[in-house]
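Hi everyone, thanks for coming. Please have a look at the model on the screen, and then I'll walk you through some of its details.

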Amino acid sequence: MKSMGNKRFLSLIIGLVSILSISAQTDLTYYLPDIKYDQNIPTPQSVLDYQIGEWHITHDQLVRYMTEVCESSPNCQLSEIGRTHEHRPLLNLVISSQKNLSNLEDLVEKHAQLIDPAKSHQVNIDETPMIIYQGYSIHGNESSGSNSCPLVTYYLLAGQSDFHDQLLDDVIIVIDPSYNPDGLQRFSTWANSHKHHHLVSDPLSREFNEVWPGGRTNHYWFDLNRDWIFNIHPSSKARIESFHKWKPDILTDHHEMGSNSTFFFQPGVPSRTNPNTPAINQMLTEEIGNYHASALDSIGSLYFSKERYDDFYYGKGSTYPDINGCIGILFEQASARGHLRETSNGLLSFPFSIRNQVTTSLSTQKAALNMKQKILEYKRDFYKSRYDNTDQGYYIFSDKDDYKLDYFLTLLNRHQIKVYQAPKSLKVENQNFDQSSSYVVPKKQIQGSLVKTIFERVRTFPDSIFYDVSAWTLPLAFNMKYAESKDNLALNESDLISTYRTNKSNKAINPKSYAILLDWNNYNTPKVVYKLLESEIQIKTITENTELKINGKLTKVDKGSILIPLKQQDISKDSIINLVTRLCTDNNISTHVLQSGLSPSGRSLGGGIQKNIEQPKAAMIVGSGVNAYEAGSTWYQMDQRLEMPVVMLDKNQIRRAELSKFNIIIMPDGNYDPDDDNAKKIKKWVDNGGTLLAMRRAIDFLSRSEMIKTEPNLPKGQNKSKANGNATTLQNYRGAQVIGGAIFQSKIDLNHPLFYGYKEDTYPVFKKGTQFLKVTNTLATPMVYTDKPIMSGYASKQNIAKAKNAAGIICAGHGKGRIIAMVDNPNFRGYWLGGSQLFANTLFFHNLIDRSTLQQME
């Protein structure tokens with residue numbers, strides 16, 4: 001009882017401190033050390049006309065202050081490193097002594113030698129500055145980070161003390177004020193527009209409850225803190241390029257968490273650290289944590305460490321540095337989500353949350369200065385020991401698709417991974433790799449650790465609980481042929497590849513030609529087909545493999561190939577030829593010219609092996625209850641890659657919407673009510689001939705609405721077992737049954753329209769969640785998991801058993817319409833390029849699915 005009383009007393013004190021902070025917020029000493037400050041450096045309040053914490057800073061205000069304060073000091077350089085989707089600037093402020101800034105390029109080059117095993121022994125660490133990269137609010141509605149940034153910057157540039165002089169002499173500090181400007185702007189607008197003059201703290205207040213999709217994500221509703229490896233978005237590309245320019249020794253990543261918590265700093269749960277991260281990394285992180293603890297103690301803040309959060313997935317901001325010889329540090333502050341909020345720890349004010357972020361930003365700088373020798377030695381040892389202890393060997397990959405090759409090679413180069421053209425044709429793991437289309441990534445290179453985590457398949461884990469995904473093997477994500485070899489392969493520097501660029505040299509199309517043929521398995525072909533359909537050109541697809549004379553040579557033509565007749569069109573031949581030529585040139589697509597529709601050895605074109613393609617007219621259901629991440633991945637795929645319009649149809653608009661204008665409606669993962677009027681209207685629309693694409697939990701809605709029949713895939717004899725023991729044991733057991741993200745192998749039907757363009761009958765899918773459905777009709781199930789489903793990542797034995805031969809896709813009929821139920825999202829996080837063909841096939845070929853093969857409700 002005594003401990004409970006102490007806890008209540010401490011919570012009361014914290015709440016009172018938080019309340020007092022509101023009245024004290026005009027005093028900079030609430031946030032910053034009480035030292036002398038240069039009066040020539042503008043304070044945040046002098047520029048913004050309000051004290052930090054009184055309002056949520058908007059991104060334009062943040063840019064304005066950062067620009068003015070940097071221009072006012074000789075110890076600061078500002079650069080724009082990129083722009084967001086909404087064209088907001090991404091800034092870096094470099095803060096150090098004038099001496100260092102005047103010689104910055106040489107110092108950075110010298111510092112970079114620490115990662116080169118051939119040169120690192122020559123580096124005098126005493127004369128080498130440490131570099132720390134401090135970044136804020138990658139989740140836009142976790143805004144205390146970005147709101148703390150002006151104060152941290154002011155402190156660095158205006159503070160006057162011996163410590164400041166030494167810090168700026170020995171350390172280069174790179175400030176990234178907002179990792180996610182678009183999300184920050186969206187959230188600040190919400191919080192400020194709902195602020196009361198007399199603050200309201202009730203969590204039920206609208207101020208604390210953003211409307212869907214909220215400010216956490218970027219423009220396309222992606223979580224940018226999962227994009228450090230894949231670099232889908234311009235902000236991620238710019239950030240990784242900046243990271244490798246500076247090669248920081250410490251990177252901080254400032255977040256927020258649930259309002260009823262306190263403050264977290266890494267390290268996280270020890271058993272949930274990626275095995276590729278050396279133990280000394282966590283030891284140094286813990287030593288730095290002592291500085292955070294001391295600083296937070298000095299202001300009376302509650303905090304915790306080595307709990308809840310992991311350090312496993314290298315696609316996150318606090319973990320990506322760990323595989324790059326840097327120390328990544330995650331901070332999580334209990335979120336006010338507004339200006340003053342009731343919590344289990346008392347009233348939590350926005351200024352209080354900002355102060356904790358400021359305090360740990362400064363404690364990081366203090367730790368960096370005091371631990372400089374130790375941390376720079378760690379960086380040197382990380383790269384040298386990894387290089388020395390890595391055996392010879394290589395990964396090899398190949399693909400016929402120019403888009404995927406260009407994307408992958410560009411990505412590897414952005415991460416400073418060396419890639420070579422294969423020096424010869426090779427056979428690895430019983431797979432043949434042709435020299436002209438194969439690329440080699442040696443294991444023994446400076447970025448060998450990152451190479452390993454990008455290419456390896458992982459099946460053993462020190463823990464069974466994951467904060468996020470447990471696998472991210474990129475060649476599997478791209479559905480590329482790849483293999484691993486332990487052999488030593490002689491490589492020439494002249495074969496080093498920076499980017500992949502090839503221009504298809506198409507011959508001029510003769511107007512007397514019969515038709516034009518395009519390969520469907522080119523990533524950009526669906527984009528071109530949509531633009532042709534939009535121009536009212538009749539397009540057909542080949543539905544059976546055949547042989548036709550192309551440029552006078554008998555050639556195999558695969559099902560799914562695109563046929564563009566040059567006759568019987570409403571548009572002139574010349575117009576069609578000019579448009580096709582321009583689009584194919586722009587998108588690097590080969591054109592094949594047919595002089596005749598006659599097949600000497602197969603079925604001719606007039607024999608029923610071609611069908612018209614209908615222009616997709618798509619809508620996607622969005623709004624409250626829909627998984628914004630998964631809706632965003634579909635939006636991005638259609639808008640950025642397919643360049644197709646998709647109507648965002650909010651749930652609240654369905655009742656009064658004219659659905660007949662759409663021929664396909666997409667239901668992303670989410671919670672849907674089978675008993676509301678929306679369900680009845682969607683059901684009627686399908687009955688009238690529409691195609692509904694439902695993903696993940698949307699399938700449950702269809703099942704409850706009696707539009708599709710599903711049942712779980714339960715292995716014989718498997719009971720619903722429960723863990724015995726205490727509450728912790730039960731919690732760990734339940735956590736182990738979660739599939740946060742793993743890569744499963746599936747078997748696909750290459751004759752099915754959904755898989756036109758695929759060459760192999762196995763296909764890697766990204767599995768998130770534990771939805772395993774029984775196959776009840778093989779014809780209606782063109783994709784099933786194999787009997788050995790797990791390729792990479794963690795899944796419990798129970799879930800692996802359920803996955804064996806379970807349905808991955810179910811195609812059903814309802815009235816005149818079709819339902820395509822996908823258990824997994826083919827566009828996962830924008831990087832699962834192997835699923836892009838499947839998604840495009842759904843949009844363009846859904847009406848080609850033979851109705852006799854569809855599952856029918858009894």
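I'll go through a serine, the cysteines, a helix, some backbone details and then the aromatic rings.

A word on the source: this is a predicted model, where local features need pLDDT of at least 70, side-chain atom pairs count only at pLDDT 80 or more, and totals for chains, interfaces and linings use all residues. Residues are numbered from 1 along each chain as its sequence is written, and side-chain values use heavy atoms, with hydrogens and water left out.

Let's begin with Ser361. You'll find Ser361 in helix α11, residues 350–370; helices here are DSSP runs of H or I with at least four residues, strands are runs of E with at least two, and both are numbered from the N terminus. Is Ser361 buried or exposed? Ser361 counts as buried because its relative accessibility is 0%. For the cut-offs, buried means under 20% relative accessible area, exposed means over 50%, and partly exposed is in between, with a 1.4 Å probe and protein chains only.

What does the side chain of Ser361 reach? It reaches the backbone oxygen of Gln357, at 2.8 Å. If we leave aside neighbours within four places in sequence, Ser361 is in contact (heavy atoms within 4.5 Å) with Gln134, Tyr136, Val152 and His254.

Now for the cysteines. How many disulfides does the structure hold? There is 1, where a disulfide is a pair of cysteine sulfur atoms within 2.5 Å. Cys70 and Cys76 form it, with their sulfur atoms 2.0 Å apart. The link between Cys70 and Cys76 is left-handed, with -105° about the S-S bond, and both of these cysteines are buried. Two further cysteines to look at are Cys584, buried with a relative accessible area of 1%, and Cys811, also buried at 1%.

Next, helix α12, which runs over residues 372–389. Its 18 residues should span 26 Å at 1.5 Å a residue, and the end C-alpha atoms are 26 Å apart, so the two agree. The expected span is 1.5 Å times one less than the number of residues. Which residues of α12 are buried? Among them are Leu376, Lys379, Phe382 and Tyr383. As a reminder, an α-helix has 3.6 residues a turn, so residues three or four places apart point the same way.

On to the backbone, and if you like prolines, here are two. Trp212 and Pro213 are joined by a cis peptide bond, with omega about 0°, and Pro213 lies in the loop between α8 (181–193) and α9 (234–246). Gln266 and Pro267 are joined by a cis peptide bond too, with omega about 20°; Pro267 is in the loop between β8 (263–265) and α10 (279–298).

There are positive phi values to point out as well. Ser137, a residue other than glycine, has phi near 55° and lies in the loop between β4 (130–136) and α6 (144–158). Ser137 is buried, with a relative accessible area of 0%. Glu643 also has a phi near 55°, in the loop between α18 (628–641) and β27 (646–650), but Glu643 counts as partly exposed at 36% relative accessibility.

The structure holds 45 aromatic pairs. Rings of Phe, Tyr and Trp (its six-membered ring) pair if their centres lie within 6.5 Å; planes under 30 degrees apart count as stacked, over 60 as edge-to-face and the rest as tilted. Take Phe461 and Tyr794: their ring centres are 6.1 Å apart and their planes are at 90°, so this pair is edge-to-face. Phe461 sits in the loop between α14 (448–455) and α15 (474–477), and Tyr794 in the loop between β32 (783–792) and α22 (797–803), so the pair ties together parts that are 333 residues apart in sequence. Phe461 counts as buried at 19% relative accessibility, and so does Tyr794 at 15%.

Phe744 and Phe772 give us a stacked pair, 6.5 Å centre to centre with 15° between the planes. Phe744 is buried at 0% relative accessibility, and Phe772 is buried at 4%.

To finish, Lys444 lies over the face of Tyr387, 4.7 Å from the ring centre. Here, NZ of Lys or CZ of Arg must be within 6 Å of the ring centre and within 35 degrees of the ring normal. Lys481 lies over the face of Phe433, at 4.8 Å from the ring centre.

Methods: Polar contact = N/O pair within 3.5 Å; in protein donor to acceptor, adjacent residues only side chain to side chain.
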